[in-house]
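This briefing is meant to be read beside the sequence and the coordinates. It begins with confidence and chain contacts, then turns to helices, strands and individual residues.

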Amino acid sequence: MTATEQMRAAEKPGQIVEMAWDPITRIIGNLGIYTKIDFANRRVTECHSTSSLFRGYSVFMKGKDPRDAGFITSRICGICGDNHTTCSVYAQNMAYGIANPPMAEWIINLGEAAEYLFDHTIFQDNLVFVDFCEAMVKETNPGVLARAEATASPRAEVHGMRTIADIMRALNPFEGQIYNEALRVSRITREMFCLMEGRHVHPSTLYPGGVGTMPEPTTFTDYLSRLMEILDFVKKAVALNDDLFDFWYDALPGYEEVGRRRVLLGCWGAFQDPNVVDYRYENMTDWGRAMFVTPGIVVDGKLITTDLVKINLGIRILLGSSFYRDWVNEEPFVERDPLGNPVDIRHPWNQTTFPEPQKRDFGERYSWVMSPRWFDERTGDHLALDTGGGPFARLYVTALAGLVDTPYVTASDGAVKISLPRSRTLPALDLRWSPPAWSNTIERDRARVYFVAYAAAMALHFLERAMTRLRSGDTRTFTDFEVPDETIGCGFHEAVRGVLSHHMVVRDGKIANYHPYPPTPWNGSPRDSFGTPGPYEDAVQNMPIFEENGPDSFKGVDVMRAVRSFDPCLPCGVHMYLGRGRTLRTVHSPMFGASHG
Amino acid sequence: MAPIRVGEPDVRPDATAHVSGVREGNALGSYEMEPGHHIDGTADARRSTGIRPRDRNPISPSMPNLPPG
């Protein structure tokens with residue numbers, strides 16, 4: 001547990017209380033949230049998000065064989081490492097001028113769909129819902145629990161929970177029915193993943209140019225039988241989530257302001273279509289738009305682009321509050337992209353990482369995370385895009401773009417329609433997700449379960465396509481290639497919790513520059529050189545507090561819900577500092593429920 | 001490189017990658033070298049076994065040659 005530093009003097013002594021949660025660990029590193037809370041007005045007045053861990057992948061990737069990139073970058077993350085391998089394969093394919101054979105592409109898509117099913121389920125039901133379970137709500141909002149006891153579940157006929165309080169009890173860690181069922185489902189979905197990518201979470205059968213998975217009939221039927229087994233759970237989960245979140249809005253009027261920020265969303269697209277993708281940069285606009293999750297950027301509810309080339313060229317890595325020295329005076333690696341467009345010195349292709357470890361100072365520099373921003377050439381703004389935890393941005397962009405059209409998922413009329421077939425106990429179900437009015441905690445969490453349904457439905461489509469190809473006798477899964485001496489590549493994918501890009505420069509057959517940009521730098525970035533706060537900070541700052549506890553027994557559950565809605569992974573510790581030198585140290589494991597805090 | 005004091009490296013950065021003289025799996029022509037793999041993406045029983053593979057091919061040419069799993 002990190003020692004909590006005293007922040008600068010509060011502006012209004014006696015009213016503003018400093019509160020810090022550090023670390024809120026996530027698998028990729030350490031995250032700390034430092035806030036000032038005005039208990040008189042029940043509002044967060046200031047928030048800083050900080051990371052105390054330096055990884056250095058961009059430093060030690062230099063000089064390595066580019067073919068190793070997928071295996072090394074997989075180790076960035078212990079829960080979505082395969083997303084990195086996949087993204088690296090995409091980047092390397094572009095660099096080597098090759099494409100995966102269609103069967104390999106379907107296999108990767110199936111593996112990634114299983115990863116989304118696994119990761120979203122375990123995060124939502126075993127981690128996010130601890131903040132909404134009976135044990136936690138009893139501690140933080142007893143009034144809400146009393147109301148939940150008296151509120152019937154509108155969709156009880158689907159999920160079987162009579163009241164909202166029954167749902168909350170089912171979410172209790174270790175004891176609750178949903179908590180335990182989710183653990184079983186996450187095991188099945190991991191088995192599905194391993195059928196396609198060999199090993200979870202660092203794939204053993206994913207390489208540039210294809211996969212080493214043997215496409216046998218049983219590879220796909222084993223996957224299909226597991227997928228059909230979890231469909232009941234998925235259908236119940238959507239109904240249950242809708243009931244719980246609808247109740248939350250009713251029970252706590254104004255809760256839509258918790259974790260709310262401008263609708264500034266980025267999605268880099270997922271699931272390549274092998275009939276279109278050739279991994280050539282020159283055609284990236286076309287094959288990007290053919291992806292089964294559409295890439296795009298949404299500003300204030302409007303889709304401003306779905307062009308991956310434009311998205312790529314707009315990426316800027318800003319400093320300002322990060323422990324790094326600037327690289328603007330270095331020689332750029334890539335001055336023009338393969339289409340002849342100029343590439344900015346702040347683009348990942350040209351970035352050089354110069355770490356400068358130093359003391360944390362919230363007035364100056366306070367985080368190891370840099371500040372990725374997207375340059376909006378219409379306005380000249382550097383937009384602090386967030387991913388909405390992943391699903392929110394994916395569904396938002398796909399719905400507005402209206403480009404996805406498959407038998408199980410279609411995007412049209414500004415909405416995404418998901419059709420799940422009949423499963424063991426429940427009939428066929430059609431779901432519809434359309435962009436909500438807010439980008440807030442509840443809607444980020446709600447989108448997660450809808451994307452589980454999306455991934456399950458898409459997996460059915462991929463299975464049908466793969467099995468049709470297999471029945472025709474096509475079993476080719478890999479492509480030969482040579483590593484050029486000089487080349488560049490970029491890969492765009494969706495890690496489970498949002499945008500993921502890998503940018504690679506090869507010189508003398510070795511990596512000269514490699515920059516993976518996963519979702520957490522986007523979401524957890526500190527204030528940039530323009531003073532723009534990162535999305536966590538932006539979402540938490542000025543949000544209202546609904547917890548009924550005062551400063552002495554404050555759990556910060558609303559702040560935690562807001563931060564966790566972005567899916568920053570596993571929270572394991574809380575270290576609170578209450579102003580005027582009094583330190584309340586709570587060794588707190590939310591997995592055990594609030595009563596064990 | 002970053003101005004951080006570090007020790008002498010024990011290995012070259014690309015040591016994991018390739019041993020000179022060993023054939024690389026990704027080298028051009030590797031697919032054609034694999035037994036039982038056809039250039040059109042199909043395969044025959046030789047892909048799965050070296051023991052009398054022709055006896056294990058489908059009895060009709062119109063049937064797909066699927067791996068045994």
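Chain B has an average pLDDT of 85, and 90% of its residues score at least 70, pLDDT being the predictor's confidence in each residue on a scale from 0 to 100. This is a predicted model, in which local features need pLDDT of at least 70 and side-chain atom pairs count only at pLDDT 80 or more, while totals for chains, interfaces and linings use all residues. Residues are numbered from 1 along each chain as its sequence is written, and chains are lettered from A and ligands numbered from 1 in the order in which they are written. The model scores are ipTM 0.88 and pTM 0.91.

- Chain B contains one helix and zero strands, where helices (H or I, at least four residues) and strands (E, at least two) are DSSP runs numbered from the N terminus.
- Of the 69 residues in chain B, 4% are buried; a residue is buried if 20 or more other C-beta atoms lie within 10 Å of its own, exposed if 12 or fewer, and partly exposed in between, with C-beta atoms placed from the backbone.
- The contact between the chains draws 22 residues from chain B and 29 residues from chain A, two residues being in contact if their C-beta atoms, placed from the backbone, lie within 7 Å.
- On the side of chain B that touches chain A there are 12 nonpolar, nine polar and one charged residues, with Ala, Val, Leu, Ile, Met, Phe, Trp, Tyr, Cys and Pro counted as nonpolar, Asp, Glu, Lys and Arg as charged, and the others, Gly among them, as polar.

**Helices of chain A**

- Helix H10 (residues 217–251) of chain A has 35 residues and reaches 51 Å from its first C-alpha to its last, close to the 51 Å expected at 1.5 Å a residue, the expected span being 1.5 Å times one less than the number of residues.
- Helix H13 (residues 391–401) of chain A is largely enclosed by the rest of the structure, because 11 of its 11 residues are buried; among them are Phe392(A), Arg394(A) and Tyr396(A).
- Just after H13(A), Gly402(A) adopts a positive phi of about 65°.
- Glu134(A), which lies in helix H5 (residues 134–140) of chain A, counts as buried because it has 23 C-beta neighbours inside 10 Å.
- Beyond its neighbours within four places in sequence, Glu134(A) is in contact with Leu145(A), Ala165(A), Met168(A), Arg169(A) and Asn172(A).

- Strand E15 (residues 415–420) has a covered face of Val416(A), Ile418(A) and Leu420(A) and an uncovered face of Ala415(A), Lys417(A) and Ser419(A).

- Strand E18 (residues 498–507) is mostly covered, with nine of its 10 residues buried.
- Strand E17 (residues 487–495) and E18(A) are antiparallel and share nine bridges, and they form a hairpin with two residues between them.
- E18(A) is joined to strand E19 (residues 510–517) by seven bridges, again antiparallel, and His503(A) has His515(A) in E19(A) as its bridge partner.
- In the turn of the hairpin formed by E18(A) and E19(A), Asp508(A) has a positive phi of about 55°.

**Backbone geometry in loops**

- Most residues other than glycine have a negative phi, and most peptide bonds are trans.
- The peptide bond from His200(A) to Val201(A) is cis, with omega near 15°.
- Tyr279(A) has a positive phi of about 65° although it is not a glycine, and it counts as buried because it has 24 C-beta neighbours inside 10 Å.
- Asn542(A) has a positive phi near 70° and is partly exposed, with 15 other C-beta atoms within 10 Å.

How values were computed
Pairing = 2+ DSSP bridges.
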